[in-house]
Amino acid sequence: MKITTLALLTLLLAIGTAASQESASDDAQTGSDESPASSDDAKPTATAPATIDGEPPELRKLAGSYTLVGNQADSLAKIHAAIDQATAGMGSLKKKVARKRLENVNKAVVRLKISSVAKKVTIGMDNYVVTAPLDGGTAEVVTPTGDKATASFSLQQASLVQDIVAAHGRRENIFRFGSNGELLMHVRETSPQLSDKVVYTLVYKRAGQ
């Protein structure tokens with residue numbers, strides 16, 4: 001009887017040990033299956049960098065309405081002197097035609113306005129308005145003489161450059177502030193038909209000042 005009891009106790013002890021080992025094995029396997037999910041949950045979610053679609057500070061400073069400084073007649077005399085120099089080496093007939101065209105596109109602009117919306121810049125010179133992209137791309141425009149042309153804008157350091165290209169030539173209007181805070185419009189017009197370039201500068205102050 002003692003032998004039978006001892007055998008029974010030994011059998012129960014073996015069954016208990018086997019059950020404990022199986023339970024430990026199941027727990028280890030369950031922990032192994034859950035660990036990758038925990039690792040994924042711990043990974044930070046990547047986010048795209050924020051972008052700011054704003055105007056360049058140089059353009060914000062230039063934006064506004066301006067009026068011509070000084071007498072309009074004096075500014076017009078400056079323009080005509082620049083035209084005389086650009087046509088000095090031409091024959092009389094060609095000079096006459098060139099002068100008329102240049103005088104039609106070079107006026108003593110009294111009211112000047114610079115503005116921008118959605119990366120497009122608009123410049124109004126009295127009643128003549130041009131809108132074109134900034135830093136890339138061109139827009140089709142019509143010159144004051146009715147000629148077709150392309151226009152574009154770019155920022156070069158602290159200057160806003162308006163570039164207008166037509167079949168007869170090219171005109172650049174460069175806008176920047178002078179040492180006294182006035183707005184300078186430096187005009188440079190070139191053409192293969194001219195003996196020299198047309199160059200002059202007009203000075204403006206902010207409207208109301």
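Reply: Here is a close look at the sheet, with its strands, its loops and its surroundings.

First, some ground rules. This is a predicted model, in which local features need pLDDT of at least 70 and side-chain atom pairs count only at pLDDT 80 or more, while totals for chains, interfaces and linings use all residues. Residues are numbered from 1 along each chain as its sequence is written, and side-chain values use heavy atoms, leaving out hydrogens and water.

The protein chain has 4 helices and 10 strands; helices (H or I, at least four residues) and strands (E, at least two) are DSSP runs, numbered from the N terminus. Along the sequence, their pattern reads α-α-β-α-α-β-β-β-β-β-β-β-β-β.

Now for the sheet. Its 10 strands form an open sheet with antiparallel pairing, in the order E4-E3-E2-E1-E10-E9-E8-E7-E6-E5. Two strands count as paired if DSSP finds at least two bridges between them. E4 and E5 stand at the edges with a single partner strand each, so one side of each has no neighbour in the sheet. From one strand to the next, the twist averages 25°.

E1 (residues 64–68) pairs with E2 (residues 111–117) in the antiparallel sense over 4 bridges, and the partner of glycine 64 in E2 is isoleucine 114. E2 in turn runs antiparallel to E3, joined by 6 bridges; here serine 115 has threonine 122 as its bridge partner. These two strands form a hairpin with 2 residues between them, and alanine 118 in the turn has a positive phi of about 50°.

The next pair is E3 and E4, again antiparallel over 6 bridges, with proline 133 in E4 as the bridge partner of lysine 120. Their hairpin also has 2 residues between the strands. Aspartate 126 sits in the loop between E3 (120–125) and E4 and has a positive phi of about 55° although it is not a glycine. With a relative accessibility of 29%, aspartate 126 counts as partly exposed; buried means under 20% relative accessible area, exposed over 50%, and partly exposed in between (1.4 Å probe, protein chains only).

Two other loops are worth a stop. Glutamine 157, in the loop between E6 (148–156) and E7 (159–166), is another residue other than glycine with a positive phi, near 60°. At 76% relative accessibility, glutamine 157 counts as exposed. Threonine 138 lies in the loop between E4 (128–133) and E5 (139–142), and at 56% relative accessibility threonine 138 is exposed too. Beyond its neighbours within four places in sequence, threonine 138 is in contact with Pro133, Thr150, Ala151 and Ser152, where contact means heavy atoms within 4.5 Å.

What lies against the sheet? Helix H3 lies across E1 and E10, running at about 160° to E10. For such angles, axes are lines fitted to C-alpha atoms, for helices over the stretch in contact, and angles run from 0 to 180 degrees between N-to-C directions. Helix H4 takes part as well: its buried residues pack against H3 (72–86), E8 (170–177), E9 (183–190) and E10 (198–206). In H4, Ala98, Leu102 and Val105 are buried. Seen down the axis of H4, its buried residues fall within an arc of 60°, so they line one face of the helix; the arc is that of the directions from the helix axis to the C-beta atoms. On the other side of H4, Ser92, Leu93, Lys96, Val97 and Lys100 are exposed.

Leaving out residues up to four places away in sequence, tyrosine 204 touches Tyr66, Thr67, Leu68, Val69, Val109, Val110, Leu112, Glu182, Leu183 and Met185. In the chain as a whole, buried residues make up 29% of the 209 residues.
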